[in-house]
Amino acid sequence: MNDYLENVRKYDASADEAVVAKIVRHLGIALRNRDSSLVSASDAQELARVEEKWCGKKLGVVGPAAKAAVDAVCQVMASERAKSRVTFYYLVAKELGKLETL
């Protein structure tokens, strides 16, 4: 858990540990596999899944707003080759103003 929180805090120094813990719990078993614990920003299908599953189903945001948030996070994390799914999801939720709803 501390590794996830530390990674999120590289982008948001005031990240709430409880919110990060909720994202970790939500992702559950997916975090055990290295491949599924990372987001591939170069894979359009994966980004579409993030929009559909995370933005749409979990956060309740669809369409251009979801795509814009995912694109913004891709830009923010562009320098990081291995993009942590927990950090990516946290930043998308923050971009959409949905952290308090998690």
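1. Trp54, once its neighbours within four places in sequence are left aside, is in contact (heavy atoms within 4.5 Å) with Ile23, His26, Arg49, Leu59, Tyr89, Val92, Ala93 and Leu102. This is a predicted model, in which local features need pLDDT of at least 70 and side-chain atom pairs count only at pLDDT 80 or more, while totals for chains, interfaces and linings use all residues. Residues are numbered from 1 along each chain as its sequence is written, and side-chain values use heavy atoms, with hydrogens and water left out.

2. Trp54 is also among the residues with the most contacts inside the largest nonpolar core, together with Ile23, Phe88, Tyr90 and Val92, and this core has 32 residues. Such a core is a set of buried Ala, Val, Leu, Ile, Met, Phe, Trp, Tyr and Cys residues joined through side-chain atoms within 4.5 Å. The elements giving two or more residues to this core are H1, H2, H3, H4 (64–76) and H5 (85–95), and H5 gives the most, with seven residues; helices here are DSSP runs (H or I, at least four residues), numbered from the N terminus.

3. Glu46, placed in helix H3 (residues 44–58), is buried, with a relative accessible area of 9%, where buried means under 20% relative accessible area (1.4 Å probe, protein chains only). Not counting residues up to four places away in sequence, Glu46 touches Leu38, Val39, Ser40 and Arg85.

4. Between helix H1 (residues 2–9) and helix H2 (residues 17–27), Tyr4, Leu5, Val8 and Arg9 of H1 meet Glu17, Val20 and Val24 of H2.

Technical notes:
Buried means under 20% relative accessible area, exposed over 50%, partly exposed in between (1.4 Å probe, protein chains only).
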